[in-house]
Amino acid sequence: YEIPSCDWSSDVCSSDLNSLITGLSAGIVSRVITNPIWVANTRMTVNKDSSSSTLKVIYNIYQNEGINGLLSGLGPALILVTSPMIQFTIYEQLKNLLIKFKRVKGLNTISSIDALLLGSFGKLIAILITYPYYTIRARMHMKKIEDNNDNSFKLFYKIIKNEGINSLYKGIESKILQSVLSAGLIFYFKEEMMSFVELLINQINNKNISIKKITSKSKNVFRK
């Protein structure tokens, strides 16, 4: 058994490509719309200002820094849209590879535990690749627009030059604990639900077959 290559002219692969493009577009739009909320949330968390509401902080940022202040950190936020893509790509590739080995034993699917481990690993790799941009985004959120003339790539270079690469990964432990476990459980329950639904459908189909057999026998009896 070999993992089939994708022919993008086919309906299935075209559908996958359309879903990917749609997901990316939705992610980009979502990041742009919610970026002011993230800027306000970051400043409220760091400044520990519980007296102001999110809307009030957003308004103050707009008054003092303009629309650019509300859109600070948008560049890294757009890059972070790729995180779910990385996660699901790794998950699907490892899933296909695992199914390839399981077919030797006569199995065609992965277990819920397999899904948990693969989903967690995919999320871990995605975090390790994209986490520096969480750090950059947070720093850009905290800088006032008049003090922030650097784009995300310049800031990325400055942090590595002045503080070392370790500074880009500060706080990653809590992110890993939260996101990796959450992603693993999502894939676990997804497989459990699919197994449950498949079992339920099979039971319904079996009952329908039994009912048809009983009905057919009854008709034969009455005919006699």
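Colleague: What is the mean pLDDT of the protein chain, and what share of its residues reach 70 or more?
Modeller: This is a predicted model, in which local features need pLDDT of at least 70 and side-chain atom pairs count only at pLDDT 80 or more, while totals for chains, interfaces and linings use all residues. Residues are numbered from 1 along each chain as its sequence is written, and side-chain values use heavy atoms, with hydrogens and water left out. With pLDDT being the predictor's confidence in each residue, from 0 to 100, the chain has a mean of 78, and the share of residues reaching 70 or more is 78%.

Colleague: Which helix has the highest mean pLDDT among the elements of the chain?
Modeller: The lowest mean, 75, belongs to helix α7 (residues 172-223), helices being DSSP runs of H or I with at least four residues, numbered from the N terminus. The highest, 89, belongs to helix α5.

Colleague: How far apart are the end C-alpha atoms of helix α4?
Modeller: The expected span is 1.5 Å times one less than the number of residues. Helix α4 has 21 residues (82-102) and should therefore span 30 Å, which agrees with the separation of its end C-alpha atoms, 30 Å.

Colleague: At roughly what angle do the axes of α4 and α5 cross?
Modeller: Axes are lines fitted to C-alpha atoms, for helices over the stretch in contact (heavy atoms within 4.5 Å), with angles from 0 to 180 degrees between N-to-C directions. The axes of α4 and α5 come within 8 Å, and their crossing angle is roughly 140 degrees.

Technical notes: Helices (H or I, at least four residues) and strands (E, at least two) are DSSP runs, numbered from the N terminus.
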